[in-house]
Amino acid sequence: MSMSGSGEMTLAFELSALKELASPGTVFEDARRWTRYVGVISDQPTYVVTNFTRKNRIRQDFFSGPKGRAESLDSVKSQFDTDRHVFVGTTDDDRELAEDHDWEFLHVEDAAEAAEWDLASDADEDDEGKEEDVRDDWP
């Protein structure tokens with residue numbers, strides 16, 4: 001996946017994929033440099049998505065709201081007319097959903113590698129190491 005180009009891309013993150021990233025807010029800011037629209041697709045209740053995006057200071061161009069993911073992908077695709085529509089997810093279900101609705105699918109780990117985003121799992125390992133060091137310093 002080329003990260004350059006004219007920005008004629010709509011990028012949708014499954015909420016679960018965003019949760020696997022170490023700093024989702026930074027990822028959104030970064031993605032804005034090479035995409036035209038970025039948002040979140042989820043089957044979770046609206047408040048779950050809203051709380052997550054607010055906490056991470058994510059400004060979405062769209063989000064799925066109470067609709068199902070399939071309906072959301074269709075409506076985003078019809079509203080946001082870009083050359084490419086890319087759905088970042090985590091499961092085979094996500095992949096099938098994307099392909100069924102004519103979106104490109106990108107696994108979050110592949111997206112992270114291509115765009116040099118840190119995954120939360122990598123960050124957790126680092127944090128654990130730091131915490132252990134701190135504990136050793138306790139009196």
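Predicted model: local features only at pLDDT ≥ 70, side-chain atom pairs only at ≥ 80, totals over all residues.

Author: Residues are numbered from 1 along each chain as its sequence is written, and side-chain values use heavy atoms, with hydrogens and water left out. The mean pLDDT (the predictor's confidence in each residue, from 0 to 100) is 87 for the protein, and 83% of the residues reach 70 or more.

In H3, the buried residues are Val-48, Val-49, Phe-52 and Thr-53. Here buried means under 20% relative accessible area, exposed means over 50%, and partly exposed lies in between, with a 1.4 Å probe and protein chains only. These four cover an arc of only 120 degrees around the axis, which puts them on the same side of H3; the arc is that of the directions from the helix axis to the C-beta atoms. Helices (H or I, at least four residues) and strands (E, at least two) are DSSP runs, numbered from the N terminus.

On the face of H3 turned away from its buried side one finds the exposed residues Tyr-47, Arg-54 and Lys-55. Thr-50, also in helix H3, is partly exposed, with a relative accessible area of 22%. The C-alpha atoms of Thr-50 and Val-40 are 9.8 Å apart in space, although the two residues are 10 apart in sequence.

The buried residues of H3 pack against H1, helix H2 (24-32), strand E2 (37-41) and strand E3 (62-63), where a contact means heavy atoms within 4.5 Å. In the loop between E2 and H3 lies Ser-42, which is buried with a relative accessible area of 1%. The side chain of Ser-42 reaches the backbone nitrogen of Gln-44 at 2.9 Å; such a polar contact is a pair of N or O atoms within 3.5 Å, and within protein one must be able to donate a hydrogen and the other to accept it, while residues adjacent in sequence count only if both atoms are side-chain atoms. After H3 comes Arg-57, whose phi is positive, near 55 degrees.

The two strands that H3 packs against, E2 and E3, belong to an open sheet of 5 strands with the order E3-E2-E1-E4-E5 and parallel pairing. The edge strands of this sheet are E3 and E5, each of which pairs on one side only; two strands pair if DSSP finds at least two bridges between them. Within the sheet, E1 and E4 run parallel and are joined by 5 bridges, and Leu-11 stands opposite Val-86 in E4. E4 and E5 likewise run parallel, joined by 4 bridges, with Val-88 partnered by Leu-106 in E5 and Gly-89 by His-107 in E5. The chain crosses from E4 through H5 to E5 in a right-handed β-α-β crossover, a term that applies if, with the strands pointing away from the viewer, the path from the first strand over the helix to the second runs clockwise. E4 itself is mostly covered, since 5 of its 6 residues are buried.

Asp-102, whose phi is positive, near 60 degrees, follows H5.

In the loop between H4 and E4 sits Thr-82, buried with a relative accessible area of 7%. Its side chain reaches the backbone oxygen of Arg-84 at 2.8 Å. Not counting residues up to four places away in sequence, Thr-82 touches Glu-8, Met-9, Thr-10, Arg-36 and Tyr-37.

One stretch calls for caution: pLDDT stays under 50 over residues 129-134, for which the model has 0 contacts beyond four places in sequence.
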